Amino acid sequence: ADDLARLIDTANAPIFGIDVHGAVTEWNQMAARLTDYTKEDVMGKNLVNEFIMIEYKESVKEVLDNALRGCETANFEFPLLSKYGTRTEILLNATTRRDASGAIVG
């Protein structure tokens, strides 16, 4: 598990995760570098409400909600806002995260 956590944290792509309520549960070093938000800044905050530009909130929420229902999306592009208001284009692969029993957890 530690090896997997290290792989995610040091990946060359931004990786973030949310729980079933949309709260950030994972934020790797590349996501922090691109947005200037530290992991501590974002953990537990609602990804869509806090970090997505208003004109993209509905479409990003829909993609994430679909993943939370088991319907995954590949190559969805949207801007993520940095701490200082600049936008970074993100190519999202929204995948469903399940626990050991198969229940969707994020």
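Biologist: What kind of model is it, and how are the residues numbered?
Modeller: This is a predicted model, where local features need pLDDT of at least 70 and side-chain atom pairs count only at pLDDT 80 or more, while totals for chains, interfaces and linings use all residues. Residues are numbered from 1 along each chain as its sequence is written, and side-chain values use heavy atoms, with hydrogens and water left out.

Biologist: Okay, the core. How many residues does the largest nonpolar core have?
Modeller: The largest nonpolar core has 22 residues. A nonpolar core is a set of buried Ala, Val, Leu, Ile, Met, Phe, Trp, Tyr and Cys residues joined through side-chain atoms within 4.5 Å. Buried means under 20% relative accessible area, exposed over 50%, and partly exposed in between, using a 1.4 Å probe and protein chains only.

Biologist: Which residues have the most contacts inside it?
Modeller: Those are Trp27, Leu47, Val60, Leu64, Phe78, Leu80 and Leu92.

Biologist: And which elements give two or more residues to this core?
Modeller: They are β1, β2, α4, α5 (57–68), β3 and β4. Of these, α5 gives the most, with 5 residues. Helices (H or I, at least four residues) and strands (E, at least two) are DSSP runs, numbered from the N terminus.

Biologist: What does valine 60 touch?
Modeller: Leaving out residues up to four places away in sequence, valine 60 touches Val48, Ile52, Phe76 and Phe78. Contact here means heavy atoms within 4.5 Å.

Biologist: Let's switch to rings. How many aromatic pairs are there?
Modeller: The count comes to 4 aromatic pairs. Rings of Phe, Tyr and Trp (its six-membered ring) pair if their centres lie within 6.5 Å; planes under 30 degrees apart count as stacked, over 60 as edge-to-face and the rest as tilted.
Modeller: Take phenylalanine 16 and tryptophan 27: their ring centres are 5.9 Å apart and their planes are at 35°, so the pair is tilted. This pair links distant parts of the chain, with phenylalanine 16 in strand β1 (residues 16–18) and tryptophan 27 in strand β2 (residues 24–27), 11 residues apart.

Biologist: Are those two buried or exposed?
Modeller: Phenylalanine 16 is buried at 17% relative accessibility, and tryptophan 27 is buried at 1%.
Modeller: Tyrosine 37 and phenylalanine 51 form an edge-to-face pair, 4.8 Å centre to centre with 75° between the planes. Tyrosine 37 lies in the loop between α2 (29–35) and α3 (39–42) and phenylalanine 51 in helix α4 (residues 47–51), so this pair ties together parts that are 14 residues apart in sequence. Tyrosine 37 is buried at 16%, as is phenylalanine 51 at 2%.

Biologist: Which residues do ring pairs link into a cluster?
Modeller: The cluster holds Phe16, Trp27, Tyr37 and Phe51.

Biologist: Now the strands. How do β3 and β4 run?
Modeller: They run antiparallel, joined by 7 bridges; two strands pair if DSSP finds at least two bridges between them. Threonine 73 stands opposite alanine 94 in β4. The two strands form a hairpin with 5 residues between them, and glycine 85 in the turn has a positive phi of about 90°.

Biologist: What about Asp36 itself; what is its phi?
Modeller: Aspartate 36 has a positive phi of about 65° although it is not a glycine. Most residues other than glycine have a negative phi. Aspartate 36 sits in the loop between α2 and α3 and is partly exposed at 38%.
Modeller: Asparagine 75 also has a positive phi, near 60°. Asparagine 75 is in strand β3 and is exposed at 54%.

Biologist: Last one: where is threonine 96?
Modeller: Threonine 96 is in the segment after β4 and is buried at 15%. A polar atom of its side chain lies 2.5 Å from the backbone oxygen of alanine 67.

Technical notes: Polar contact = N/O pair within 3.5 Å; in protein donor to acceptor, adjacent residues only side chain to side chain.
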